[in-house]
Amino acid sequence: MRWQVLGPVGARAGDRWSDLGGDRQRTIAAALLAARGEVVSTERLIDGLWGPRPPPTARKTLQSYVSRLRRDLRALAAGGTEAVTSTGNGYRVARSPETVDADHFEVLTDEARAAATTDPGAAAERLEQALALWRGPAFADLASHDLVHEEALRLEQLRTAATAEHIDARIALGEHEAVIGELEAIVSRDRLDERAHGQLMVALYRAGHQAESLATYRRLQAQLREAAGIDPSPQLQRLHERLLRQDAELAGGVTIPTSPATRSAGTPTTTQTSRRPPRAVELIGRDGDLAGIAELVGTTPLLTLLGPGGVGKTRLAQRIATEVGDRFPDGTAICPLAAIRDPEAVATVLIDALGARYRGGRPAVEVLLAVLGERRVLLVVDNCEHLLAAVAPIVEAVLAACPNVVVLATSREPLRLSSERVWHLAPLAVPRAGDSCAEVAASPAGALFVARAQGAEPAFELTEDNAAAVGELCRGLDGMPLAIELAAARVRAIGVADLLARLGQRFELLTGGPQGATGRHRTLEAVVRWTYDALDAREAALFDRLSVFAGAFELTAAEQVCADEAIPTSAVAGLLAHLVDRSLVTVDHGEAATRYRLLETLRVFGAERLEDQAGTERLRHAHAVYHVAFAEEVGPLVRGRHEHAALARIDSAIDDLRLAHAWLVAAGDVEAALRLPVALRDYIGHRQRDEMFRWTERALALPGAGQQPTYPAALATAARGATRRGDLARARRYAETALARVAPTSLTGTWARQALATTALYEGRLDDVLALTGAWPGLRGEPGEEYYRAVNRMLRVLALSYQGASTAAVAEAEALEATARAVGSDTLLAHALYSRGEALLQVDPAAARSCLEAAIAAARRVDGRAAQGIAMVSLASLLGRTGEERRALELFAEVVAHWRRLGDWTHQLTTLRNLVELLARVGADQPAATLHGAVADAAPPSYGVEAARLAEAWSGLRRRLGTAAAEAAAAHGRQLSAPETVQLALGVLDDLRSG
């Protein structure tokens, strides 16, 4: 028997798997395994299971759970030695590398490290074997439990190190080209991972991409400075110098920096004394900021909290003063400057805040320095942005003359002093679309809204009926605390639904801030205008023009859309930087590109001013033209090794692509309206965005569409969307019309043939699939040859698999996987691994499972929703047939919800047909019969092995329920709509998993 903790906790004996029973039995097993062979005391287990107030029967109940666990393990292993043993005061698990996957993982990684310097091939092989043991996060759903957390974290750190060492070994073996995509994904997830950046620099350099290698270093340097005020490690700096001088040794062996993934900019906190400010300020959703800022205070003489108006800088600074007050024996002084207009008064106001009085005679700054002297004081200078020219030199003088003073400033702009460190305060995290009531309540923005709404109306409750509206309100207000508080205060008079419906009138609606607030915090518009009115004419003009963007945009987009005679292209970057400094534009230095965005409230403010200006239509036209060109530049990149970056760039531009296409359709620009979605067809397929497929159909309906050169390509693109919606007749019609108008060796001809083959596959016309893909002429000089060759082969693998020609299917699948790896697209690799898994299902289920799990992992790396979903369906079905019904139920619940989110009925139907078999297997006969009625005869039809299994399940249901009862349940199922069918399936799965 073998314990498994590198993923869901359980045990395996041969082909049999056990999840170890109920939640508490699994928790006990996880706790014993996390102890790594040591005894876990009875008291510790009781405390972990029941907390500080266990029931009187806790000890006896614990013994019962352990007895059941032992019984389950004996049944799994068919006898053998006792896996869980008792001691005088607790329990332990005897373990070895042969019995625990985590121990085996550590043995393999140790062997790899021993071989790394002399035999990188052996090291790579051992590390690949070690990483293949992982089936998910360590301890999975139990990882956060107090009894397990420390060990789960240790194992995850070992996994991260092993992943990095595996990449080192592969680079040493010359596989630098192959690891680039994987490293790009890692640094995209963790922008401060110095080791991964170093590896990427070396891999890119060896692959001949010297410019990209150097750019990788520059991005990391900027990100470290922004996030933590530090430079890359000395090792990475030396590597950068070697790249610059093109050191000959870089072509072979090179030491890649192994510094920690993220270096903290903080230092240990100062010893606290007893003195504290008098009152703690209430904060909601700022725990992370509070802890981080509190740690930094005192490590730098000047720390500035930077952010847009209404984000909560003042309240946070006040709370920080409370939290760290004990570190400053001579006290904390808070100096609010919002109401001060005279720059000459700043020093006097600071003196007053320190409890002294300025009587004239000497310059106020001299008096301020004398008052501070050697005192150890925290000086909070609040709301500096409108007085920066006066505040900055005074703060600089204080820091130079008073070594024990620490200044905490709040501002919408930095003070730009050499000693300044900046903490960018972001809006609160908002609920996601589709979040449950509990998830909305747990989100920082949702929690703030509820607290303030209940303050205004004590009877207010967050319910399933209003949670979606509250979440949408929080998103529409960008998670800005002041805007949320102003909106929540209106709940008593207006109500959540009506507030949401009138969000476009936010500046008229959101007024009357909290008592005691300054005038600029009494209305939402005043908060924005406070900063806007300080802009010069060109800054204000650019800000207004940027409101034409619906979402995030790149610098080139701002230059191409917003420039004109008044603001030349060369001036846009500098003006945009000024707007960023003034917290009117946010910036994200992503791995794929640096992107900028106006918070929605700021965008609405700018758009209202833009409407009154000439040239607005020119701006919208330029915006649409830019995004068509953007789609045609970036769209094809999703088919290769730059897939990760391309997907990220398109994801970030979705709102603007939507806006651009809507404008083109409204303007009747049929040629551009067709080109935009066609350029994104592979992205749309990867992401399963039905909305974007429908853009194509909307453009096809425009007058004159049939005369455009892009018309056939648009038809082939629309065919793909119709297929995933289950409208196969329409898909076939689109594809046939497209194919009749183009050469078969063209890219559009390939799209049309593959659309026809896909339709034939779903309809069970497998010979037609093989005929359409077997004589593919290829692409004569057009891009994407190998990518579409792989797609063609994937269709053949599936057709052969469904015909039962397993030997031929496996051979084709191996060639397909090799092509996919050469192309470098994770999405294509996921499809290839899924196809190979399908080919192996009948001949080698264990190998099929490995392929399907690898397919899911590859798809998740790039959020490849289609590939992930189909592989999950196949794996869930396989698990159900091989004795892992509980895991199968969990995976089916996940994938049914997945297809529902994507609106993909074609794949949902296949999923539900496979689910009928599992429900019958676990004895859920009544719902299985109802579900059978809903899906058995729906289009597209079931065929082959799937149809045979469905028929076998139906036969068993009729036998167990009786013919009349089974037919009645099926008749009820046939009356259900598609959404009702999906809801039925999710409800049954939820009941079975919780029972």
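Trp134 is buried, with a relative accessibility of 8%; buried means under 20% relative accessible area, exposed over 50%, and partly exposed in between, using a 1.4 Å probe and protein chains only. The model is predicted, so local features need pLDDT of at least 70 and side-chain atom pairs count only at pLDDT 80 or more, while totals for chains, interfaces and linings use all residues. Residues are numbered from 1 along each chain as its sequence is written, and side-chain values use heavy atoms, with hydrogens and water left out.

Rings of Phe, Tyr and Trp (its six-membered ring) pair if their centres lie within 6.5 Å, and their planes count as stacked when under 30 degrees apart, edge-to-face when over 60 and tilted for the rest. The count of aromatic pairs by this rule is nine. One of them joins Phe105 and Trp134 edge-to-face, at 5.5 Å centre to centre and with 85° between the planes. Phe105 lies in helix 4 (residues 101–115), and Trp134 lies in the loop between helix 5 (120–132) and helix 6 (149–172), so that the pair links distant parts of the chain, 29 residues apart; helices (H or I, at least four residues) are DSSP runs numbered from the N terminus. Phe105 is buried, and its relative accessible area is 0%.

## A tyrosine pair

The ring centres of Tyr802 and Tyr943 are 6.2 Å apart and their planes stand at 70°, so this pair is edge-to-face. Tyr802 is partly exposed at 26% relative accessibility, and Tyr943 is partly exposed at 21%.

## Two of the helices concerned are helix 23 (residues 537–546) and helix 26 (residues 600–610), which pack at an angle of about 105° with their axes 7 Å apart. Axes are lines fitted to C-alpha atoms, for helices over the stretch in contact, and angles run from 0 to 180 degrees between N-to-C directions. Helix 23 and helix 26 are therefore roughly perpendicular to each other; angles under 35 degrees count as roughly parallel, over 145 as roughly antiparallel, 65 to 115 as roughly perpendicular and the rest as oblique.

Phe543, Asp544 and Arg545 of helix 23 meet Leu602, Phe605, Gly606, Arg609 and Leu610 of helix 26, where contact means heavy atoms within 4.5 Å. By class, this contact holds four nonpolar, one polar and three charged residues; Ala, Val, Leu, Ile, Met, Phe, Trp, Tyr, Cys and Pro count as nonpolar, Asp, Glu, Lys and Arg as charged, and the others, Gly among them, as polar.

## Charges over rings

The charged end of Arg609 sits over the ring of Phe605, 3.4 Å from the ring centre. This description requires NZ of Lys or CZ of Arg to be within 6 Å of the ring centre and within 35 degrees of the ring normal. Arg681 likewise has its charged end over the ring of Trp751, 4.3 Å from the centre.

## Helix 13 and helix 15

Helix 13 (residues 346–353) and helix 15 (residues 388–401) have axes that come within 10 Å and cross at roughly 55°. Helix 13 is oblique to helix 15. Val346, Ala347 and Leu350 of helix 13 meet Ala390, Val391 and Ile394 of helix 15. The contact has six nonpolar, no polar and no charged residues.

## Pro481

Pro481 belongs to helix 19 (residues 481–488) and is buried at 11% relative accessibility. Leaving aside residues up to four places away in sequence, Pro481 touches Arg286, Gly310, Val311, Leu428 and Leu448.
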